[in-house]
Amino acid sequence: MTIHHLNCGTLHPPSQLLVNGRGGLTAPATLVCRCLLVPAGKYWALIDAGLGMSDLRDPRGRLGDTFLRRVRPALDPEETAIRQVQKLDIDPHDVRSIILTHHDLDHVGGISDFPWADVYVSRKQVDLIIPVLRRDMARRLHPAQWSHTPQWAPVDLLETWRSRPARRVSDQLRLVALDGHIDGHCAVVIDREGRSPLIHAGDAIMDARTDLFGGRAPLGLLAFQYKTRTDARAWKESRAWLKECVDEGIDVVCSHDPNPRITGSH
Ligand SMILES: [Zn+2]
């Protein structure tokens with residue numbers, strides 16, 4: 001089973017030192033928007049969607065000035081999921097499902113490039129945006145990104161996986177509650193034959209080296225995580241749970257850490 005790691009949006013917030021933990025104080029940092037393309041029977045599933053072609057065509061309208069100014073996305077069409085799928089010689093129509101960790105704008109923009117796909121996301125996340133965007137979310141969630149009326153498939157987390165609310169969405173994929181960063185934030189767990197599962201932890205962690213193995217997280221990144229989390233206690237619990245998974249040899253990757261191989265066996 002080949003899982004493709006796609007960077008669907010390089011971001012360059014200020015200060016390599018404060019965000020990447022090395023390099024110059026005033027040099028731009030580099031973060032990625034990691035999406036995973038996973039075989040799903042005859043078809044493919046995309047985990048998170050990064051920035052899409054419509055975001056690049058209308059960055060101010062779709063992403064907003066604050067995001068553009070603060071994180072300075074590369075806005076490179078070659079980084080969109082749809083271009084990368086085509087480059088892999090995969091018919092984009094074969095991407096039949098998209099599973100989102102959450103709706104923040106750097107994770108959801110690419111869904112409009114795959115309007116035929118079912119978009120799985122936790123019911124709690126869908127409740128934030130439908131029918132009316134919750135007011136306190138207006139800064140980080142941008143309805144323009146789902147104005148094409150996606151085929152939402154809200155997921156009720158009625159099962160459990162390793163003691164957390166969860167729900168299987170296909171033979172090898174399941175959403176697992178990983179709250180704290182934003183209401184309804186989930187991890188996506190990929191079962192792999194003959195190996196331990198792989199967890200895409202979304203934005204529950206941002207610098208795996210320090211978030212999961214101790215040490216001092218880059219200050220700017222830590223400050224960003226504190227600022228964006230909506231539930232401090234749940235955020236801490238989610239990270240403790242991820243650490244337990246890693247300690248037991250389960251691989252964990254996250255959205256923005258540019259290091260593609262983070263933990264466990266890989
Ligand atoms: Zn993010």
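Donors here are N, O and S atoms within 2.8 Å of the metal, with water not among the atoms, so a site may look incomplete. With that in hand, welcome to this predicted model, in which the donors of the zinc ion follow the spacing D-H-x95-D-x52-H along the chain. Aspartate 106 sits in helix α6 (residues 105-108) and histidine 256 in the segment after β12 (251-253), so this pair ties together parts that are 150 residues apart in sequence.

**The zinc site**

- The zinc ion has as its protein donors Asp106 (OD), His107 (NE2), Asp203 (OD) and His256 (NE2), at 2.1 to 2.4 Å from it.
- The arrangement around the zinc ion is irregular, because its 4 donor atoms subtend angles of 81 to 166°.
- For your own reference, four tetrahedral donors would ideally give angles of 109.5 degrees.
- Aspartate 106 and histidine 256 are both buried.

**The fold as a whole**

- The protein chain holds 10 helices and 12 strands.
- A compact globule with 266 residues would have a radius of gyration near 18 Å, so the 17 Å of the protein chain agrees with that expectation.
- The C-alpha trace of the protein chain spans about 45 × 45 × 40 Å along its principal axes.

**Packing and surface**

- Among the 266 residues of the protein chain, 56% count as buried.
- Of the contacts in the protein chain with a separation of 6 or more, 61% come from residues 24 or more positions apart.
- The protein chain exposes about 11800 Å², and carbon and sulfur atoms supply 51% of that area.

Conventions
Residues are numbered from 1 along each chain as its sequence is written. This is a predicted model: local features need pLDDT of at least 70, side-chain atom pairs count only at pLDDT 80 or more; totals for chains, interfaces and linings use all residues. Side-chain values use heavy atoms; hydrogens and water are left out. Donors are N, O and S atoms within 2.8 Å of the metal (3.2 Å for Na, K and Ca); water is not among the atoms, so sites may look incomplete. Four donors count as tetrahedral if all angles lie between 85 and 135 degrees; four count as square planar and six as octahedral if opposite donors are over 155 degrees apart and all others between 65 and 115; anything else is irregular. Helices (H or I, at least four residues) and strands (E, at least two) are DSSP runs, numbered from the N terminus. Buried means under 20% relative accessible area, exposed over 50%, partly exposed in between (1.4 Å probe, protein chains only). The radius of gyration is taken over C-alpha atoms; the globule rule is 2.2 Å times the number of residues to the power 0.38. Contact means heavy atoms within 4.5 Å. Accessible areas come from the Shrake-Rupley method with a 1.4 Å probe; for residues, only the protein chains shown count as cover.
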